[in-house]
Amino acid sequence: MTGRLSVVGLGPGNSHQLTPEADAIVSAAGALFGYGPYLDRVPERAGQRRHPSDNRQELYRAEQALNAAAEGETVAIVSGGDPGVFGMAAAVCEALDRGPTSWRNVEVAFVPGVSAMLAVAARVGAPLGHDFCAISLSDNLKPWEVVEQRLEAAAAAGFVIALYNPVSRARPWQLERAFSRLRTILPDTTPVVFGRAVGRQDERIAITQLSAAQGNSADMATCIIVGSAETRMIERPGSCPLVYTPRGTARPTA
Ligand SMILES: C[S@@+](CC[C@H](N)C(=O)[O-])C[C@H]1O[C@@H](n2cnc3c(N)ncnc32)[C@H](O)[C@@H]1O
(Lines give C-alpha, C1' and ligand atoms only; values in the text may rest on other atoms or scores of the structure.)
Protein backbone atom coordinates (compact mmCIF):
# COMPACT_ATOMS: atom_id res chain seq x y z
CA MET A 1 0.00 0.00 0.00
CA THR A 2 1.39 3.44 -0.87
CA GLY A 3 0.68 6.52 1.16
CA ARG A 4 0.71 10.17 0.39
CA LEU A 5 3.32 12.90 0.75
CA SER A 6 2.27 16.55 1.04
CA VAL A 7 4.94 19.24 0.78
CA VAL A 8 3.46 22.06 2.81
CA GLY A 9 4.29 25.77 3.11
CA LEU A 10 3.79 27.13 6.64
CA GLY A 11 4.05 30.80 5.64
CA PRO A 12 6.46 33.31 7.19
CA GLY A 13 5.78 32.37 10.81
CA ASN A 14 2.49 33.87 11.89
CA SER A 15 -0.45 31.50 12.36
CA HIS A 16 -2.74 34.05 10.66
CA GLN A 17 -0.64 33.63 7.53
CA LEU A 18 -0.90 29.83 7.54
CA THR A 19 -3.48 28.85 4.93
CA PRO A 20 -6.47 26.75 6.07
CA GLU A 21 -5.43 24.13 3.46
CA ALA A 22 -1.90 23.84 4.89
CA ASP A 23 -3.26 23.73 8.46
CA ALA A 24 -5.72 20.94 7.60
CA ILE A 25 -3.09 18.80 5.83
CA VAL A 26 -0.52 19.18 8.62
CA SER A 27 -3.18 18.38 11.25
CA ALA A 28 -4.26 15.20 9.44
CA ALA A 29 -0.75 13.82 8.74
CA GLY A 30 0.40 10.69 10.56
CA ALA A 31 4.06 11.68 10.27
CA LEU A 32 5.66 15.11 10.04
CA PHE A 33 9.13 15.82 8.66
CA GLY A 34 10.93 19.16 8.63
CA TYR A 35 13.77 21.38 9.75
CA GLY A 36 13.46 21.50 13.57
CA PRO A 37 12.51 25.20 13.97
CA TYR A 38 9.80 24.86 11.30
CA LEU A 39 8.37 21.71 12.92
CA ASP A 40 8.31 23.60 16.26
CA ARG A 41 5.70 25.89 14.73
CA VAL A 42 3.28 23.00 14.36
CA PRO A 43 1.25 22.21 17.51
CA GLU A 44 1.90 18.70 18.87
CA ARG A 45 -0.95 16.24 18.31
CA ALA A 46 -1.45 12.85 19.94
CA GLY A 47 -0.55 9.95 17.68
CA GLN A 48 1.41 12.08 15.22
CA ARG A 49 5.09 11.16 14.77
CA ARG A 50 7.55 14.03 14.31
CA HIS A 51 10.90 13.71 12.56
CA PRO A 52 12.93 16.91 12.95
CA SER A 53 16.21 17.22 11.03
CA ASP A 54 18.98 19.78 10.69
CA ASN A 55 19.45 22.61 8.29
CA ARG A 56 21.16 21.55 5.05
CA GLN A 57 19.70 18.02 5.32
CA GLU A 58 17.01 18.68 2.74
CA LEU A 59 17.74 15.68 0.52
CA TYR A 60 18.02 13.28 3.46
CA ARG A 61 14.75 14.66 4.88
CA ALA A 62 13.02 14.29 1.50
CA GLU A 63 14.22 10.67 1.20
CA GLN A 64 13.03 9.81 4.71
CA ALA A 65 9.63 11.34 3.99
CA LEU A 66 9.32 9.50 0.66
CA ASN A 67 10.25 6.21 2.33
CA ALA A 68 7.58 6.71 5.00
CA ALA A 69 4.97 7.57 2.34
CA ALA A 70 6.01 4.57 0.22
CA GLU A 71 5.34 2.38 3.28
CA GLY A 72 1.77 3.65 3.43
CA GLU A 73 1.98 6.61 5.82
CA THR A 74 0.18 9.92 5.35
CA VAL A 75 3.18 12.22 5.50
CA ALA A 76 3.62 16.00 5.52
CA ILE A 77 7.02 17.60 5.02
CA VAL A 78 6.99 21.25 6.06
CA SER A 79 8.81 24.31 4.73
CA GLY A 80 8.80 27.91 5.93
CA GLY A 81 7.09 30.33 3.52
CA ASP A 82 6.27 28.59 0.26
CA PRO A 83 7.82 25.14 -0.30
CA GLY A 84 8.53 25.97 -3.95
CA VAL A 85 10.64 29.06 -3.13
CA PHE A 86 14.07 27.91 -1.94
CA GLY A 87 12.19 25.26 0.04
CA MET A 88 11.51 21.53 0.25
CA ALA A 89 9.49 21.14 -2.99
CA ALA A 90 12.54 21.02 -5.27
CA ALA A 91 14.41 18.76 -2.80
CA VAL A 92 11.51 16.26 -2.90
CA CYS A 93 11.53 16.35 -6.72
CA GLU A 94 15.32 15.83 -6.78
CA ALA A 95 14.98 12.84 -4.42
CA LEU A 96 12.17 11.38 -6.56
CA ASP A 97 14.17 11.94 -9.74
CA ARG A 98 17.18 10.00 -8.49
CA GLY A 99 15.44 7.57 -6.11
CA PRO A 100 13.93 4.08 -6.54
CA THR A 101 11.19 3.80 -9.14
CA SER A 102 8.78 2.56 -6.44
CA TRP A 103 8.70 6.14 -5.04
CA ARG A 104 6.98 7.25 -8.25
CA ASN A 105 3.81 5.45 -7.09
CA VAL A 106 3.58 7.75 -4.07
CA GLU A 107 0.88 10.38 -4.37
CA VAL A 108 2.64 13.74 -3.96
CA ALA A 109 0.93 17.10 -3.41
CA PHE A 110 2.46 20.58 -3.10
CA VAL A 111 0.63 23.00 -0.84
CA PRO A 112 1.54 26.69 -1.28
CA GLY A 113 2.36 29.13 1.49
CA VAL A 114 3.00 32.86 1.80
CA SER A 115 6.61 33.37 0.77
CA ALA A 116 8.84 35.81 2.69
CA MET A 117 9.09 38.27 -0.21
CA LEU A 118 5.29 38.56 -0.38
CA ALA A 119 5.01 39.08 3.39
CA VAL A 120 7.77 41.75 3.33
CA ALA A 121 6.28 43.47 0.28
CA ALA A 122 2.87 43.64 1.94
CA ARG A 123 4.33 45.50 4.93
CA VAL A 124 5.50 48.44 2.80
CA GLY A 125 3.13 48.73 -0.17
CA ALA A 126 3.76 47.21 -3.60
CA PRO A 127 7.49 46.93 -4.34
CA LEU A 128 6.80 43.77 -6.40
CA GLY A 129 4.10 45.55 -8.41
CA HIS A 130 5.90 44.99 -11.73
CA ASP A 131 8.47 42.47 -13.02
CA PHE A 132 10.61 40.97 -10.27
CA CYS A 133 12.80 38.00 -9.44
CA ALA A 134 14.11 36.20 -6.36
CA ILE A 135 17.79 35.38 -5.85
CA SER A 136 19.31 33.40 -2.99
CA LEU A 137 22.68 34.76 -1.93
CA SER A 138 23.65 31.40 -0.49
CA ASP A 139 26.59 29.82 -2.26
CA ASN A 140 26.00 26.37 -0.75
CA LEU A 141 24.50 25.06 -3.97
CA LYS A 142 25.88 27.47 -6.58
CA PRO A 143 29.15 29.37 -6.99
CA TRP A 144 29.31 32.97 -5.77
CA GLU A 145 30.33 34.14 -9.26
CA VAL A 146 26.96 32.93 -10.53
CA VAL A 147 25.20 34.89 -7.78
CA GLU A 148 27.01 38.09 -8.85
CA GLN A 149 26.27 37.49 -12.55
CA ARG A 150 22.57 36.95 -11.84
CA LEU A 151 22.35 40.04 -9.62
CA GLU A 152 23.91 42.23 -12.28
CA ALA A 153 21.82 40.76 -15.11
CA ALA A 154 18.58 41.14 -13.11
CA ALA A 155 19.33 44.74 -12.10
CA ALA A 156 20.39 45.68 -15.65
CA ALA A 157 17.20 44.10 -17.05
CA GLY A 158 15.04 46.23 -14.74
CA PHE A 159 13.82 43.54 -12.34
CA VAL A 160 13.05 44.31 -8.71
CA ILE A 161 15.10 41.73 -6.77
CA ALA A 162 14.07 39.84 -3.62
CA LEU A 163 17.18 38.59 -1.84
CA TYR A 164 16.82 35.40 0.23
CA ASN A 165 19.46 33.85 2.53
CA PRO A 166 21.34 37.17 2.60
CA VAL A 167 24.06 36.26 5.13
CA SER A 168 25.19 33.50 7.44
CA ARG A 169 27.90 33.11 10.05
CA ALA A 170 30.09 31.46 7.40
CA ARG A 171 29.59 34.23 4.82
CA PRO A 172 29.00 37.59 6.54
CA TRP A 173 30.52 39.53 3.60
CA GLN A 174 28.17 38.54 0.79
CA LEU A 175 25.36 41.04 1.25
CA GLU A 176 27.76 44.00 1.26
CA ARG A 177 29.38 42.63 -1.90
CA ALA A 178 25.93 42.24 -3.49
CA PHE A 179 25.03 45.86 -2.66
CA SER A 180 28.30 47.14 -4.16
CA ARG A 181 27.64 45.23 -7.41
CA LEU A 182 24.10 46.64 -7.54
CA ARG A 183 25.38 50.20 -6.91
CA THR A 184 27.31 50.00 -10.20
CA ILE A 185 24.00 49.53 -12.05
CA LEU A 186 21.13 51.11 -10.09
CA PRO A 187 20.59 54.74 -8.99
CA ASP A 188 21.76 55.64 -5.45
CA THR A 189 18.16 56.50 -4.58
CA THR A 190 16.79 53.01 -5.36
CA PRO A 191 14.58 51.97 -2.41
CA VAL A 192 15.76 48.97 -0.39
CA VAL A 193 13.46 47.21 2.12
CA PHE A 194 14.82 45.01 4.90
CA GLY A 195 12.14 42.71 6.34
CA ARG A 196 13.30 40.69 9.33
CA ALA A 197 11.26 37.86 10.91
CA VAL A 198 8.13 39.19 9.26
CA GLY A 199 4.96 37.94 10.90
CA ARG A 200 6.80 36.97 14.09
CA GLN A 201 7.07 38.80 17.41
CA ASP A 202 10.58 40.07 16.68
CA GLU A 203 9.63 41.49 13.26
CA ARG A 204 11.59 44.54 12.05
CA ILE A 205 11.06 46.49 8.86
CA ALA A 206 13.52 49.12 7.63
CA ILE A 207 13.39 51.16 4.44
CA THR A 208 16.45 52.89 3.05
CA GLN A 209 18.13 53.81 -0.23
CA LEU A 210 20.73 51.73 -2.04
CA SER A 211 23.50 54.27 -1.32
CA ALA A 212 22.89 53.81 2.45
CA ALA A 213 22.07 50.09 2.52
CA GLN A 214 24.52 48.20 4.72
CA GLY A 215 25.51 44.57 4.49
CA ASN A 216 25.51 44.20 8.26
CA SER A 217 21.85 45.25 8.58
CA ALA A 218 20.52 41.75 7.90
CA ASP A 219 20.66 38.25 9.33
CA MET A 220 19.43 34.86 8.08
CA ALA A 221 15.85 35.74 9.07
CA THR A 222 15.83 38.74 6.71
CA CYS A 223 14.45 39.03 3.20
CA ILE A 224 15.55 42.15 1.33
CA ILE A 225 13.76 43.78 -1.57
CA VAL A 226 15.95 45.94 -3.81
CA GLY A 227 13.86 48.12 -6.10
CA SER A 228 14.40 48.74 -9.80
CA ALA A 229 15.24 52.17 -11.19
CA GLU A 230 11.46 52.71 -11.36
CA THR A 231 10.60 51.82 -7.76
CA ARG A 232 9.39 54.85 -5.81
CA MET A 233 8.80 55.95 -2.22
CA ILE A 234 5.78 57.95 -1.07
CA GLU A 235 6.58 59.89 2.12
CA ARG A 236 3.63 60.17 4.53
CA PRO A 237 3.50 62.45 7.58
CA GLY A 238 3.54 60.43 10.80
CA SER A 239 3.74 57.00 9.14
CA CYS A 240 6.14 54.82 7.22
CA PRO A 241 6.73 55.65 3.59
CA LEU A 242 5.04 53.46 0.99
CA VAL A 243 7.33 51.71 -1.48
CA TYR A 244 5.90 50.74 -4.84
CA THR A 245 6.89 49.79 -8.36
CA PRO A 246 4.53 51.24 -10.95
CA ARG A 247 2.73 48.71 -13.13
CA GLY A 248 4.08 50.02 -16.45
CA THR A 249 7.47 50.65 -18.03
CA ALA A 250 8.20 53.14 -20.81
CA ARG A 251 9.30 51.73 -24.19
CA PRO A 252 13.14 51.79 -24.31
CA THR A 253 14.57 54.55 -26.48
CA ALA A 254 16.48 53.15 -29.49
C1 LIG B 1 15.68 28.62 2.97
S2 LIG B 1 14.90 30.13 2.59
C3 LIG B 1 13.23 29.64 2.71
C4 LIG B 1 12.28 30.57 1.97
C5 LIG B 1 10.85 30.16 2.14
N6 LIG B 1 10.58 28.91 1.45
C7 LIG B 1 9.89 31.25 1.66
O8 LIG B 1 9.16 31.01 0.69
O9 LIG B 1 9.87 32.32 2.28
C10 LIG B 1 15.16 31.03 4.09
C11 LIG B 1 15.19 32.52 3.83
O12 LIG B 1 13.86 33.01 3.66
C13 LIG B 1 13.76 34.32 4.18
N14 LIG B 1 12.73 34.30 5.24
C15 LIG B 1 12.07 33.21 5.71
N16 LIG B 1 11.13 33.58 6.63
C17 LIG B 1 11.22 34.93 6.73
C18 LIG B 1 10.50 35.91 7.49
N19 LIG B 1 9.52 35.57 8.34
N20 LIG B 1 10.84 37.21 7.35
C21 LIG B 1 11.82 37.57 6.47
N22 LIG B 1 12.52 36.68 5.71
C23 LIG B 1 12.22 35.39 5.85
C24 LIG B 1 15.14 34.70 4.70
O25 LIG B 1 15.83 35.33 3.65
C26 LIG B 1 15.75 33.34 4.98
O27 LIG B 1 17.17 33.40 4.96
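Predicted model: local features only at pLDDT ≥ 70, side-chain atom pairs only at ≥ 80, totals over all residues.

Let me begin with the overall division. The chain falls into domain 1, residues 4-114, and domain 2, residues 117-244. Between the C-alpha centres of domain 1 and domain 2 there are 28 Å. Where these domains touch, nine residues of domain 1 and eleven residues of domain 2 take part in the contact. On the domain 1 side, the residues that touch domain 2 are four nonpolar, four polar and one charged.

I now turn to helix 6.

Which residues of helix 6 are buried? They are Val147, Leu151, Ala154 and Ala155. These residues cover an arc of only 95 degrees around the axis, and therefore they sit on the same side of helix 6. The other side of helix 6 carries Glu145, Val146, Gln149, Ala153 and Ala156, which are exposed. The cover over the buried residues of helix 6 includes strand 7 (132-136), strand 8 (160-164) and helix 7 (174-183). Just after helix 6 comes Gly158, with a positive phi of about 90 degrees.

My next subject is strand 11, residues 222-226. Is strand 11 largely enclosed or left open by the rest of the structure? Five of its five residues are buried, so strand 11 is largely enclosed. In a regular strand, side chains alternate between the two faces of the sheet. In strand 11, Thr222, Ile224 and Val226 are buried on one side, and Cys223 and Ile225 are buried on the other.

Strand 11 also has pairing partners. Strand 8 runs antiparallel to strand 11, and three bridges join them. Within strand 11, Ile224 is the residue that stands opposite Leu163. Strand 9, residues 191-196, is also antiparallel to strand 11, and here there are five bridges. Gly195 has Cys223 of strand 11 as its bridge partner.

Finally, I come to the loops. Most residues other than glycine have a negative phi. Phe86 is not a glycine, yet its phi is positive, near 50 degrees. Phe86 belongs to the loop between strand 4 (74-79) and helix 4 (88-98). Why does Phe86 count as buried? The reason is that 20 other C-beta atoms lie within 10 Å, and a residue is called buried at 20 or more.

Asn165, in the loop between strand 8 and helix 7, is not a glycine either, and its phi is positive at about 45 degrees. Asn165 has 18 C-beta neighbours inside 10 Å, so it counts as partly exposed.

Thank you for your attention.

Technical notes: Residues numbered from 1 in each chain as written. Buried ≥ 20, exposed ≤ 12 C-beta atoms within 10 Å, placed from the backbone. Helix = DSSP H or I, 4+ residues; strand = E, 2+ residues; numbered from the N terminus. Arc of directions from axis to C-beta. Contact = placed C-beta atoms within 7 Å. Domains from an automatic or database assignment. Nonpolar A, V, L, I, M, F, W, Y, C, P; charged D, E, K, R; others polar. Pairing = 2+ DSSP bridges.
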